[in-house]
Amino acid sequence: MKTRFDSILKIEKNKLDEYINDINIVKVELNNLEHQKTKVEYDYKMNTNSSMLDNFSIMQFQNYSNFVKNQLSNLQEKIDQLNKIIEEKQGIIAEQFANVKKIEIIIKNKKLEIKKKADKKEQNMLDEIKNIKKLN
């Protein structure tokens with residue numbers, strides 16, 4: 001049996017699915033950035049271990065080192081931003097999930113109420129039939 005809340009529930013579930021898809025996209029982006037950061041760190045470590053340090057290479061290495069530090073700093077900044085976005089979206093998802101559960105409870109209670117009314121009506125009809133049989 002359908003209630004007027006079924007369509008509202010469907011809309012709210014669709015919103016929840018959209019929010020979950022959005023957060024999954026952000027998590028993929030975050031994963032890619034973390035992978036990039038790990039790669040830059042690994043490359044830096046490999047290059048520092050293999051460097052032969054004469055005067056010219058010291059200057060080049062210092063420039064490279066500064067470049068890598070900036071790159072890592074930028075990546076970490078983006079990672080922090082995405083983590084903040086994920087945290088906000090998780091809050092939205094929690095609220096939306098609560099909304100869905102509230103509507104599901106309303107629907108369940110409404111269906112129980114309708115069933116109780118139907119059962120009471122049926123019982124009243126059965127009582128009336130019994131009374132009619134007693135009179136006959």
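## Overall shape

The protein has a radius of gyration of 32 Å, whereas a compact globule of 136 residues would have one near 14 Å. That radius is taken over C-alpha atoms, and the globule rule is 2.2 Å times the number of residues to the power 0.38. This is a predicted model: local features need pLDDT of at least 70, side-chain atom pairs count only at pLDDT 80 or more, and totals for chains, interfaces and linings use all residues. Residues are numbered from 1 along each chain as its sequence is written, and side-chain values use heavy atoms, leaving out hydrogens and water.

Along the principal axes, the C-alpha atoms fill a box of roughly 120 × 20 × 15 Å. The protein holds two helices and zero strands. Both kinds of element are DSSP runs, numbered from the N terminus: helices are H or I, at least four residues, and strands are E, at least two. Helix H1 covers residues 5–50. Helix H2 covers residues 55–135.

## Contacts and surface

Take the contacts (heavy atoms within 4.5 Å) between residues at least 6 apart in sequence: 90% of them join residues at least 24 apart.

Buried residues make up 18% of the 136 residues. Buried means under 20% relative accessible area, exposed means over 50%, and partly exposed lies in between (1.4 Å probe, protein chains only). The accessible surface comes to about 11,100 Å², and 56% of it belongs to carbon and sulfur atoms. Areas come from the Shrake-Rupley method with a 1.4 Å probe.

## Charges

There are 26 positive and 21 negative side chains, and the centres of the two sets lie 11 Å apart. Lys and Arg count as positive, Asp and Glu as negative; His and the chain ends are not counted. Each charge is placed at NZ of Lys, CZ of Arg, CG of Asp or CD of Glu.

## Salt bridges

The structure holds seven salt bridges. Each is a side-chain nitrogen of Lys or Arg within 4 Å of a carboxyl oxygen of Asp or Glu. Glu 12 is buried at 12%; Lys 15 is partly exposed at 34%.

Helix H2 holds Lys 101 and Glu 104, which meet at 3.1 Å, N to O. Lys 101 is partly exposed at 38%, and Glu 104 is partly exposed at 25%. A network of salt bridges links Lys 13, Lys 101 and Glu 104. Also in helix H2, Glu 113 and Lys 117 are four residues apart. Their closest N and O atoms are 3.6 Å apart. Glu 113 is partly exposed at 37%, while Lys 117 is exposed at 55%.
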